[in-house]
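Student: I am new to this structure. Please take me through one part of it closely, step by step.

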Amino acid sequence: MVSCKPKKSTYFVLGLVVVLLFAGLSYLLFDFYSSREFPFLFYLIGSSIITVVLLLVLVKMMAGFKFLAAGKDKVEIWLPLKGQRRKYDVADILAWQEEEVKANQRIFKQLVLVFSDKYSFSISNHEHLGYDDLKKYLVKKAVKKRVKS
């Protein structure tokens, strides 16, 4: 049985970033409320930028929080934040592909699976555990459906 789940370290670091951004936004708003040392435009632009970055990080965390389990010719996908659980047979995989992206002098890999109901699912080695095991499972069970890039 292959299990792919988010890395705890990634979510821990992103959680720290969210806490720091929230603390910075809180400090900025408290400073505006209490002392107003800086011009109004500084507070307006600063709080807007921090809020947008905070929302982007939160959306990134929520979008990446997904699980995949594969074994016994079945693939199960669980998206807890959407409340979805999808189960497929390996025969329901229309295509799968491994993409490589080079960023910051490192190569990140991503598996994209497309199922018979046109639902696509992607999982990366940077954010999820069990990536290599899933790739081996797909090479063994669905080798003919691999799309070469």
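**A close look at the core**

Tutor: This is a predicted model. Start at F121. Leaving out residues up to four places away in sequence, F121 touches K66, F67, L68, I77, L79, L111, V112, L113 and F115. Now widen the view. The largest nonpolar core has 22 residues. F121 is among those that touch the most other members, along with L68, V75, I77, I93, F115 and L134. The strands β1 (2-6), β2 (67-71), β3 (74-79), β5 (93-103), β6 (106-115) and β7 (120-124) each supply at least two residues, and so does the helix α3 (131-141). The top contributor is α3, with 4 residues. In soluble globular proteins, nonpolar side chains tend to be buried together.

There is also a second, separate core. This one has 6 residues, including Y11, L21, V57 and M61.

Next, look at a charged residue, E98. Strand β5 holds E98. Is E98 buried or exposed? Its relative accessibility is 10%, so E98 counts as buried, the cut-off being under 20%. What does the side chain of E98 meet? Another, of 2.8 Å, runs to the side chain of K135. Setting aside residues up to four places away in sequence, E98 touches K109, Q110, L111, Y131, K135, R146 and S149. L111 is also on the list for F121.

Conventions. Residues numbered from 1 in each chain as written. Predicted model: local features only at pLDDT ≥ 70, side-chain atom pairs only at ≥ 80, totals over all residues. Heavy atoms only, no water. Core = buried A, V, L, I, M, F, W, Y, C linked by side-chain atoms within 4.5 Å. Buried < 20%, exposed > 50% of the residue type's maximum accessible area, 1.4 Å probe, protein only. Contact = heavy atoms within 4.5 Å. Polar contact = N/O pair within 3.5 Å; in protein donor to acceptor, adjacent residues only side chain to side chain.
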